[in-house]
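User: I'm new to reading structures like this one. Could you walk me through a few features, starting with the general idea each time?

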Amino acid sequence: MNMASLSLKAITKRFGQILALYGVDLHVDHGEFCVLVGPSGCGKSTLLNIIAGLIQQDEGSVLIDGQSVDRLAPRERDVAMVFQNYALYPHMTVAQNLGFGLRMRGVPKQIIREQVLETARILGIEDLLDRKPRGLSGGQRQRVAMGRALVRRPRLFLLDEPLSNLDARLRASVRLELRHLHREIQSTIVYVTHDQVEAMTLGDKVVVMRQGKVHQIGRPETIYSRPADTFVATFIGSPEMNLYRGRLLHKDDRTHFQGAGFSLDIGGLQLNLGESEVEVGIRPEDIAIGQGGTTALKAKVEMISNIGSEKYIHARLGQESLTVRAPKEAAFQPGQVVPLTIDPDRVHIFHEGRRISWSAGSCSSSR
Amino acid sequence: MSRERLEKIVIQILRVMGLVVFIAIVAFPFYWMILSSFRSLGEILLKPANLGLDIRTINLHAYYEVLFQHGFLRYICNSVYVSVVTVVLSVTLATVGGYAVTRLRFRGREFMSYSILLIYMFPAIVLVIPLYVMFSRMGFRDSINLLILVYLAQTLPVGLYMLRSYFQTLPPEIEHAGLIDGCSRFSVIWRIIIPLSAPGLASVALYTFMIAWNEFLFAFMFLDTPEKFTLSRGVVQLAGSVHLSKQLVMAASVMVTLPILVFFLLFERYLVRGLTAGAMKG
């Protein structure tokens, strides 16, 4: 299988006064599935267009297999792209849509026909080949768009929010298929999405971006369990991580986090930060509720969202609000005061927005 | 009867009346023209108010006479030549130019884009005298190709503007897909833009054809030799000639009007779509 590695070196792009991308560095290995994720307007689509050669970067360099492609036109870069709105050629049949790239590259007709058929078979669209795009459903169009990219066996696949125009059920099933497909063809993929679920489930590597900057690059597990800063911490994960601003206090060899109206014992951690302003993050599933805790924390239940498989308890902790993930059997009433248990090892600490790496007895900045 | 109902009926009556009046104003002269062209001069003079058309008495002699004795065969050829060449040039240039101002980024793009219609704001009558003098001095007057140049200058701005609006409705992603699939800019235009813009191109072609086919002022000023006359110029020549034969003028007029009418009916759908496409987003 034809696949390549991709490197971006300090990519910067301005649109007038707006800085769309600022010093983006990224390396994607052979056969790796890399997901760019971030809120809309973070520059992830611009980055994809720069890789494709549709937009020229102001500074920096794009390398495919170690070779700079900055001076190559999109057609010379041997990449394929799937667009959010599919961008099928409306005046061509599905077969012509699939074969267009091969035809433009002068591939003999017989081979085009074979490859189009094979791709259509992989995607299960053989019986649509003679139809025009306007006669297809959203899901079918999406498949054709994928097929148009697949058929050429390019070095690099670029996917720009390919699932966002599908309804929720279809999205979940296509997501699984994409995962299978990637395992089968082992190609290098750069995938743009604003959906953290897609990012976490699809990516071998996840790149979290905001306002033209990369905030963190890592495996999905790392992004989730060790977010580099408060933006990544709150952007990834649903419901959102609980994040509180306060001070660290040292008392009798133990460290306490003093938040607004509550205090949290985070154990024997040695911080050389002194008594400083920090932010503390706790994921909703890292809080045990309703058991006699050692931290002597108490929260007042305000509201309960039942999503079927589990319950989200919205409570008040001091002057802050708190979300806790509870099993579906949990029976709490609004107004009830419940004890909380928080494992100090699961607490994330951020200083000036950046994560503080720490384990019992030591700490260092992750930067 | 409720007020709403009364209102509805009144509106309905007004609508029908409006249509009838409008059709009468537009269609009656046309009907009169065709009717007269089928009759002999004697008939017209004897019964000028006869509006009935008797199929048995249709007389095509006037057409024969106009075509072969008054040189209209030649005029038709001239008009076809002028119109077709103008249409081809105008559509080609408007496509390339319209694409450039919509999609490519270059210095002065905005100004170009907005100044297109500025050219159109000079009325023909203001231009015709200076052009007449200029071309006379240069010795280019009395040339059919000169006419093509003038018509092109007249129709290209509107054609550019129409196609620009049309191109803006095409999603750029389709072109990006083409560029990645292996197209150059020109093959994107040829293989993707042009097939998708068929309605826009058809409306520009029709518009240009109508102008070039019907135009009289410049043809009247610039053409002296009868062999070079276009149809509209020929009709006026005929109408002004000594022996005024109404049926001949009418037959000639039918020949001017008919092609436009046929084209319009054939392409009307495209024309309307092409003209409104720019107004709607997405």
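User: Is Asp78(A) buried or exposed?

Analyst: The idea is to count neighbours: a residue is buried if 20 or more other C-beta atoms lie within 10 Å of its own, exposed if 12 or fewer, and partly exposed in between, with C-beta atoms placed from the backbone. Asp78(A) has 20 other C-beta atoms within 10 Å, so it is buried. Before we go on: this is a predicted model, where local features need pLDDT of at least 70, side-chain atom pairs count only at pLDDT 80 or more, and totals for chains, interfaces and linings use all residues. Residues are numbered from 1 along each chain as its sequence is written, while chains are lettered from A and ligands numbered from 1 in the order in which they are written.

User: Where is Asp78(A) placed?

Analyst: Look for the loop between β5 (67-68) and β6 of chain A. Names like these come from DSSP runs, numbered from the N terminus: helices are H or I with at least four residues, strands are E with at least two. Asp78(A) also has a positive phi, near 55 degrees, and it isn't a glycine.

User: What is the phi of Glu161(A)?

Analyst: Glu161(A) has a positive phi of about 45 degrees, and it is not a glycine either. You'll find Glu161(A) in the loop between β7 (156-160) and α5 (168-185) of chain A. Glu161(A) counts as buried because it has 20 C-beta neighbours inside 10 Å.

User: And Thr222(A), how many other C-beta atoms are within 10 Å of it?

Analyst: There are 14, so Thr222(A) is partly exposed. Thr222(A) sits in helix α7 (residues 220-225) of chain A. From Thr222(A) to Val206(A) is 16 residues in sequence and 9.3 Å in space, C-alpha to C-alpha.

User: Which peptide bond is cis, the one from Ser238(A) to Pro239(A) or some other?

Analyst: The bond from Ser238(A) to Pro239(A) is cis, with omega near -5 degrees. Pro239(A) belongs to the loop between α8 (230-235) and β11 (242-251) of chain A.

User: What are the domains of chain A?

Analyst: Domain bounds come from an automatic or database domain assignment. For chain A, that assignment gives domain 1 (6-234) and domain 2 (240-365). Their centres, taken over C-alpha atoms, are separated by 38 Å. For contacts, the rule is that two residues touch if their C-beta atoms, placed from the backbone, lie within 7 Å. By that rule, 7 residues of domain 1 of chain A are in contact with 10 residues of domain 2 of chain A.

User: How many residues of chain A are in contact with chain B?

Analyst: There are 17 residues of chain A, in contact with 13 residues of chain B. On the chain A side, β6 (79-82) and α2 (94-104) are the elements that give two or more residues. That side has 12 nonpolar, 3 polar and 2 charged residues. Here Ala, Val, Leu, Ile, Met, Phe, Trp, Tyr, Cys and Pro count as nonpolar, Asp, Glu, Lys and Arg as charged, and the others, Gly among them, as polar.

User: What do the buried residues of α8(B) pack against?

Analyst: They pack against α1 (44-52), β6 and α2 of chain A, together with α9 (185-196) of chain B. Helix α8 (residues 172-181) of chain B has 8 of its 10 residues buried, so it is largely enclosed by the rest of the structure. Among them are Ile174(B), His176(B) and Leu179(B).

User: At what angle do α4 and α7 of chain B pack?

Analyst: Two packed helices are described by the angle between their axes and the distance between the axes. Axes are lines fitted to C-alpha atoms, for helices over the stretch in contact, and angles run from 0 to 180 degrees between N-to-C directions. Helix α4 (residues 72-103) of chain B and helix α7 (residues 144-168) of chain B pack at about 40 degrees, with their axes 7 Å apart. That makes α4(B) oblique to α7(B): angles under 35 degrees count as roughly parallel, over 145 as roughly antiparallel, 65 to 115 as roughly perpendicular and the rest as oblique. Their contact has 18 nonpolar, 10 polar and 1 charged residues.
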